[in-house]
Amino acid sequence: MTTSRHPSLAARAAAVASDEAIAAFQRDGAVCLRGLLSADEVAVLARGIDANLAHPSPRALVASRPDDPGHFIEDFCNWQANADYRSVIFESPLAEAAARLMQSRSVRLYHDHMLTKEPGTRQATPWHQDQPYYNVDGRQNISFWIPVDPVRREATLEFVAGSHRGPWLMPRSFMSNEARWFPEGSLADLPDIEATRAQHPILGWALEPGDAVAFHMLALHAAAGADRRRRVFSVRFLGDDMRHAPRRWKTSPDFPGLADELPPGAPLEHALFPRLIEGGA
Ligand SMILES: O=C(O)CCC(=O)C(=O)O
């Protein structure tokens, strides 16, 4: 399945995902795109997040402790059930911006991920890379972190510039710090970035609704807790060279049964991962 694209989307994406932004994404693994979404698109997305919060899926999880004065909730893979998510994923310039930044002819949806921190949430999102949690291999990939509430510099998503060049580092569970994905010892552990912040080229931007931060799935990133409400939609796309990499363990998110349908190394040609822009694999 490939969706038809409105001609204006390419021009909107080119205005924001400029040549400078492409160079920054390729160099740093993360870039801030100001005003990528319109006020109407942000309103649709906020409505989608509120509906998702009111009716979380069975995949939702609480990522804060019971004694946290706030609340951190995540949910995954809801685009098929949530019409507002679909509208923003399929009808906004996100896919065109993804193609430009990834330098990819094709763009395929990977999944959506909602992350809301209620006011007073102490729980930080620890430093991590996303790709080691996933069932995909390849370099042409991208996530957009899209807040629908203003986010101050102190509470924003931060990145270690250049970390998207690798290596892969040990993914651990956010709250219990367990190595659930790769066997203990099989990947190097992350350095203690918080303890040595001055030694790392850390990037982060205060954001207004409509802004989006685009980042590579290997970019090291983290976020503090939230003193104000912070509703975020992250959506992830795959480019030409991305391939299915089934794991022996449950990935996050999990795609139950997919390994029986798609062989290792195959393009993600499956109804779960619709192609938004044609070309390439
Ligand atoms: O929103 C957060 O706190 C973390 C976001 C994140 O890790 C992601 O979108 O991959």
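Q: Two strands pair if DSSP finds at least two bridges between them. What makes S5 and strand S11 (residues 221-223) a pair?
A: In this predicted model, S5 and S11 are joined over 2 bridges, in the antiparallel sense. The cut-off is at least two, so they pair. His128 stands opposite His221 in S11.

Q: Why are strand S5 (125-128) and strand S9 (202-204) called edge strands?
A: The open sheet has 4 strands, ordered S5-S11-S8-S9, with antiparallel pairing. S5 and S9 each pair on one side only. From one strand to the next, the twist averages 25 degrees.

Q: How do you know that H3 and H4 meet, and which residues do so?
A: Contact means heavy atoms within 4.5 Å. Glu41, Val44, Leu45, Arg47, Gly48, Ile49 and Asn52 in H3 meet Asp84, Tyr85, Ser87, Val88 and Glu91 in H4. By class, this contact has 5 nonpolar, 3 polar and 4 charged residues.

Q: What describes the packing of helix H3 (residues 39-54) and helix H4 (residues 83-91)?
A: Their axes lie 7 Å apart, at an angle of about 145 degrees. The crossing of H3 and H4 is left-handed.

Q: What makes a set of residues the largest nonpolar core here?
A: Members must be buried nonpolar residues joined through side-chain atoms within 4.5 Å. The largest such set has 42 residues. Leu33, Ile89, Leu101, Phe144 and Phe237 have the most contacts inside it. Helix H5 (residues 94-102) gives the most to this core, with 7 residues. Apart from it lies another core of 20 residues, including Trp181 and Phe255.

Notes
Residues numbered from 1 in each chain as written. Predicted model: local features only at pLDDT ≥ 70, side-chain atom pairs only at ≥ 80, totals over all residues. Heavy atoms only, no water. Axes fitted to C-alpha atoms, helices over the stretch in contact; angles between N-to-C directions. Left-handed = near helix turned anticlockwise from the far one by under 90°. Nonpolar A, V, L, I, M, F, W, Y, C, P; charged D, E, K, R; others polar. Buried < 20%, exposed > 50% of the residue type's maximum accessible area, 1.4 Å probe, protein only.
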